[in-house]
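Trainee: I have a new structure to look at, and I would like to learn how to read its features step by step.

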Amino acid sequence: MAAFTIAAGTGNWFSALALGVTLLKCLLIPTYHSTDFEVHRNWLAITHSLPISQWYYEATSEWTLDYPPFFAWFEYILSHVAKYFDQEMLNVRNLNYSSSRTLLFQRFSVIFMDVLFVYAVHECCKCIDGKKVGKELTEKPKFILSVLLLWNFGLLIVDHIHFQYNGFLFGLMLLSIARLFQKRHMEGAFFFAVLLHFKHIYLYVAPAYGVYLLRSYCFTANKPDGSIRWNSFSFVRVISLGLVVFLVSALSLGPFLALNQLPQVFSRLFPFKRGLCHAYWAPNFWALYNALDKVLSVIGLKLKFLDPNNIPKASMTSGLVQQFQHTVLPSVTPLTTLICTLIAILPSIFCLWFKPQGPRGFLRCLTLCALSSFMFGWHVHEKAILLAILPMSLLSVQKAGDASIFLILTTTGHYSLFPLLFTAPELPIKILLMLLFTIYSISSLKTLFRKEKPLFNWMETFYLLGLGPLEVCCEFVFPFTSWKETSSLRAEDHTCLHSPSF
């Protein structure tokens with residue numbers, strides 16, 4: 001606290017927060033890392049040692065390159081730094097290669113790339129108005145937002161323990177959001193277009209961008225009642241936006257179009273054969289659907305309504321990434337999940353078009369698009385909840401209602417990430433970090449909105465407090481049950497065969 005007091009006096013509190021979380025990331029370097037660590041090492045090897053024509057065909061490892069071209073070029077650039085650490089990590093045939101230098105390089109590369117995320121958070125803080133400015137530094141909305149983003153628990157464990165590069169990707173997204181708040185629409189469109197060619201999961205929120213830019217940028221005026229003034233449509237602005245998207249896409253996909261490899265690239269980006277659910281189910285609608293099908297199949301077998309010989313062999317509870325058929329309920333196809341997702345996002349898109357509320361309305365729509373895709377998308381990873389949590393952070397410091405939704409979403413969403421860290425040494429780390437972040441989030445937002453109604457009602461409070469006993473059961477009771485052996489086998493399957501798509 002003394003450090004923040006000194007920082008506040010010199011106006012460098014943001015730098016202190018950024019430096020503090022960077023030091024924490026460095027302390028997490030020796031912790032457990034998932035198979036995603038090998039995924040990215042393999043991509044370094046592919047892009048460094050093979051010509052571009054082989055990048056999306058190489059299959060020596062099961063961890064084939066399945067991100068868009070900009071990310072492949074990003075790995076290519078990193079590989080030219082990696083060779084000064086350990087040349088052996090860049091050998092395609094060195095499967096599951098690991099060394100202390102490889103570990104340090106990959107960990108520090110994630111930390112270094114977070115510089116973009118830090119800058120984006122700083123830009124987002126400029127977009128927060130100062131209506132609710134407390135006397136103390138820690139009560140200022142900009143300070144609270146900085147902590148909620150820079151010290152986000154989910155991003156810390158996913159990137160700096162589990163291992164991925166989500167920080168700088170979310171930095172691009174937050175930077176595009178900040179530019180839209182600043183009415184620099186072309187820059188916002190550019191950053192989002194670049195982001196899509198780094199990681200295609202952000203397609204989930206593309207409808208919010210498309211509708212908002214068309215409604216608020218291409219139409220230059222509204223009627224007094226807020227409806228569109230149709231004669232204000234600007235063809236020049238539409239063409240400008242289209243040109244930005246086209247040029248970014250041409251730069252990304254052009255080389256593969258010239259090589260006649262676009263179908264191969266897209267087959268890697270959209271591997272529908274991985275199945276409806278990820279090995280660790282995301283807590284969404286399809287998890288409930290699968291659970292119901294499992295219960296019905298058990299009941300059917302007990303009552304002899306089902307023939308055991310007709311039960312599908314590919315099981316949704318096996319821990320494997322694969323296609324499977326439901327036993328009782330109708331099996332779900334990718335088209336079904338797409339239709340469900342589109343239906344879910346339509347209300348928010350409708351409001352964004354017919355009842356525009358400026359950048360904050362766009363941010364709400366973006367969050368709802370992310371949640372809709374999380375609830376109904378195909379092969380959703382639990383980590384995808386961050387796509388809703390981080391943008392929602394910006395809304396949480398503006399209105400008490402948004403703060404309440406944010407706290408429920410972030411607490412349950414972060415808790416759902418716990419299965420990613422299943423090793424014993426990381427148990428106290430994940431519990432302590434989540435407790436610290438959750439306690440800070442609740443206390444700071446309660447202080448910020450202390451003059452308004454309570455952020456939680458009794459039912460919401462009971463629900464959130466129930467996560468504590470649930471964790472005790474999962475970590476300390478379940479291991480002593482007869483189900484432990486079966487779940488351990490599934491965990492081993494998951495460790496070997498889970499997909500790195502998010």
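Predicted model: local features only at pLDDT ≥ 70, side-chain atom pairs only at ≥ 80, totals over all residues.

Trainee: How many helices and strands does the protein have?

Mentor: The protein has 21 helices and zero strands.

Trainee: What share of the 502 residues is buried?

Mentor: A residue counts as buried when its relative accessible area is under 20%, and in this protein buried residues make up 51% of the 502. Looking at contacts between residues at least 6 apart in sequence, we find that 75% of them join residues at least 24 apart.

Trainee: How many residues of helix H8 are buried?

Mentor: In H8, 16 of the 16 residues are buried, so this helix is largely enclosed by the rest of the structure. Helix H8 covers residues 166-181 and reaches 22 Å from its first C-alpha to its last, which is close to the 22 Å expected at 1.5 Å a residue. Just after H8, Lys183 takes a positive phi of about 60°.

Trainee: Where does Phe418 lie, and is Phe418 buried or exposed?

Mentor: Phe418 lies in the loop between helix H17 (400-415) and helix H18 (427-448), and with a relative accessible area of 6% Phe418 is buried.

Trainee: Which residues does Phe418 touch, not counting those up to four places away in sequence?

Mentor: With those neighbours in sequence left out, Phe418 touches Phe153, Lys430, Ile431, Met434 and Glu471. Ile431 is 13 residues from Phe418 along the chain, and their C-alpha atoms are separated by 8.6 Å.

Terms used
Residues numbered from 1 in each chain as written. Heavy atoms only, no water. Helix = DSSP H or I, 4+ residues; strand = E, 2+ residues; numbered from the N terminus. Buried < 20%, exposed > 50% of the residue type's maximum accessible area, 1.4 Å probe, protein only. Contact = heavy atoms within 4.5 Å. Expected span 1.5 Å × (residues − 1).
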